[in-house]
Amino acid sequence: MEARLNMFENEVTSKFFKRLIAASRPIEESTLPKATQELVKIRASQINGCGMCLDMHTKDAAAAGETAVRLALVAAWREAVVFTEAERAALALTEEGTRLADTHTGVSDETWAAVRKHYDDEQIGALVCLVAEINTWNRLNVMVRNPAGEYQPGMFG
């Protein structure tokens, strides 16, 4: 499989990537746990069918010490006992924030209350921005059909 467009060589998309990467720095530097950040990226990428992002974030999470069991169970997080209540709240926010078109209410009050219970304002800000960011990356990669499978942990870092 070959991408429809090489976004690293395209003048407009490469400039956009640099700005998007710079915009993600406050999220990465926040107190939101890194494991939670990767779980959020993985779950949104599963929903959006983004192989490139799944390849990247599962490998990065594994390289950072995430277990194979937790990685395998992200798609079934509601039925899995391996996630904390805080992670479950973040995953619920991720799903509802990713599937905005599926409901007229957006993120439910119940999910927001769960997020509020487990995270402070800085972390909630990071979560909201992270869900928006990963959905942007997913859409870019899915539209141009960027292939998955060749990513090596840290190669874009």
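Guide: What follows is a walk through the packing of this structure, which is a predicted model.

Visitor: Okay, how many residues are in the largest nonpolar core, and which have the most contacts inside it?

Guide: The largest nonpolar core has 14 residues, and those with the most contacts inside it are L32, V40, A90, V115, Y119, L127 and L130. Two or more residues each come from α5 (85-98) and α7 (121-144), and α7 gives the most, with five residues.

Visitor: And what does L127 touch?

Guide: Leaving aside residues up to four places away in sequence, L127 touches L32, V40, A90, L93, V115 and Y119. There is also another core lying apart from the largest one, made of 13 residues, among them C53, M56, L140 and V144.

Visitor: Changing topic, how many aromatic pairs turn up in the whole structure?

Guide: A search of the whole structure finds two. In one of them, the rings of F8 and F17 have centres 5.5 Å apart and planes at 75°, so this pair is classed as edge-to-face. The other joins F17 and W137, with 4.9 Å from centre to centre and 55° between the planes, which makes it tilted.

Visitor: Where do F17 and W137 lie?

Guide: F17 lies in helix α1 (residues 11-28) and W137 in helix α7, so their pair ties together parts that are 120 residues apart in sequence. Together with F8, these two residues form one aromatic cluster.

Visitor: What about T98, what is its side chain doing?

Guide: T98, which is found in helix α5, makes a polar contact through its side chain with the side chain of N135, at 3.0 Å. At 9% relative accessibility T98 counts as buried, and, not counting residues up to four places away in sequence, it touches A44, I47, N48, V131, N135 and R139.

Visitor: And L100, where is that found?

Guide: L100 is found in the loop between α5 and α6 (109-118), where it is partly exposed, with a relative accessible area of 47%. The C-alpha atoms of L100 and D120, 20 residues apart along the chain, are separated by 23 Å.

How values were computed: Residues are numbered from 1 along each chain as its sequence is written. This is a predicted model: local features need pLDDT of at least 70, side-chain atom pairs count only at pLDDT 80 or more; totals for chains, interfaces and linings use all residues. Side-chain values use heavy atoms; hydrogens and water are left out. A nonpolar core is a set of buried Ala, Val, Leu, Ile, Met, Phe, Trp, Tyr and Cys residues joined through side-chain atoms within 4.5 Å. Buried means under 20% relative accessible area, exposed over 50%, partly exposed in between (1.4 Å probe, protein chains only). Helices (H or I, at least four residues) and strands (E, at least two) are DSSP runs, numbered from the N terminus. Contact means heavy atoms within 4.5 Å. A polar contact is a pair of N or O atoms within 3.5 Å; within protein, one must be able to donate a hydrogen and the other to accept it, and residues adjacent in sequence count only if both atoms are side-chain atoms. Rings of Phe, Tyr and Trp (its six-membered ring) pair if their centres lie within 6.5 Å; planes under 30 degrees apart count as stacked, over 60 as edge-to-face and the rest as tilted.
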